[in-house]
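This briefing concerns the packing of helices and of nonpolar side chains in the structure shown below. Please read it with the sequence at hand.

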Amino acid sequence: MAGCSEDLQEPKAHWTIGWCQTPLPELPVWHTWQKLLRSGALSLHERMLPLIDLTLIDLTLWLLTTLVEAFVACLFLIRGLFRKFLFLNFYLLLSATISIGRYAVLYHFGFTSREYLYFYYYSEAPLTMTLFICVCELSSRLVGDKMPRRRVALWSAGALLAIALFSLSDASPWGYKAAAHFVMELSKNILFACSLGIALLWVWKLRNDPEDRFAARFVNVLGVYFSLFVLIYGAHRLVPHASGLDNLNSMLGAWLPLGCGFALVTHQ
């Protein structure tokens, strides 16, 4: 066995007959193919490692949601409503673009990497701000006849400024991590502000007869979206380690484009 110690310590690329016997001479062509196969298998293994924390259902739902967002934006264009609901379409296209970027970062750095974490939260801020502008756009469409649109815009800008100042004051004690916490707090507070705004629009819609039927339908879609968001957030606070809530988050992200698509094709 002493003569085999070198082979056991450092495996070599050769075929052997039996246990620790003399290596057979190998052809250069086979040696080249063996290197290619090993390097290919290693490359595939390294590429699959970042995705190991996601299930096939998660990846499939992620892909389908991205495709539906792009498809619904095309439906807006076909129905001639793209410019009328410009910011809602911009949100759908931005969400699809950011989803592709998140997948690229996840593919290269991994689900639990710091790069993916920072990219996720820093990309969430423009998404939530665009969603806030969507709510303002729907407010202008619904109550524009009862209230001047300039006043709606001023109220919306004031609310966004107040949210930003509140988020900044909440994140300032974090020192050098203040920027990251400001982005996280801003996204969360904007979502709660959107939830309140949609609730007010929904109540107003019940008490009045809106002329813009499509805007009223989109308020219903966003009402379901933000109601589920508040329920999931409350459940996370009560039961932080519940595993089923992550699946609800994925379904929540898929509901918004699906709901908008149904609102576009439904005839009433």
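In this predicted model, the largest nonpolar core has 44 residues. Within this core, Phe76, Phe85, Phe218 and Phe226 are the residues with the most contacts.

- H8 provides the largest share of the core, with 11 residues.
- Apart from its neighbours within four places in sequence, Phe218 is in contact with Phe76, Phe85, Leu88, Leu138, Cys260, Ala263 and Leu264.

**Packing of H7 and H8**
- Helix H7 (residues 178–207) and helix H8 (residues 213–238) have axes that come within 9 Å and cross at roughly 135°.
- H7 and H8 are therefore oblique to each other, and H7 passes H8 in a left-handed crossing.
- On the H7 side, the residues that meet H8 include Leu191, Phe192, Ile198, Leu201 and Trp202; on the H8 side, those that meet H7 include Val219, Leu222, Phe226, Phe229 and Tyr233.
- Classed by residue type, the contact of H7 with H8 consists of 13 nonpolar, three polar and two charged residues.

**Phe192**
- Phe192 is located in helix H7 and counts as partly exposed, because its relative accessibility is 30%.
- With neighbours within four places in sequence left aside, Phe192 is in contact with Phe229 and Tyr233.
- Phe192 and Phe132 are 60 residues apart along the chain, and their C-alpha atoms are separated by 10.0 Å.

Notes:
Residues numbered from 1 in each chain as written. Predicted model: local features only at pLDDT ≥ 70, side-chain atom pairs only at ≥ 80, totals over all residues. Heavy atoms only, no water. Axes fitted to C-alpha atoms, helices over the stretch in contact; angles between N-to-C directions. Helix = DSSP H or I, 4+ residues; strand = E, 2+ residues; numbered from the N terminus. Parallel < 35°, antiparallel > 145°, perpendicular 65-115°, else oblique. Left-handed = near helix turned anticlockwise from the far one by under 90°. Contact = heavy atoms within 4.5 Å. Nonpolar A, V, L, I, M, F, W, Y, C, P; charged D, E, K, R; others polar. Core = buried A, V, L, I, M, F, W, Y, C linked by side-chain atoms within 4.5 Å. Buried < 20%, exposed > 50% of the residue type's maximum accessible area, 1.4 Å probe, protein only.
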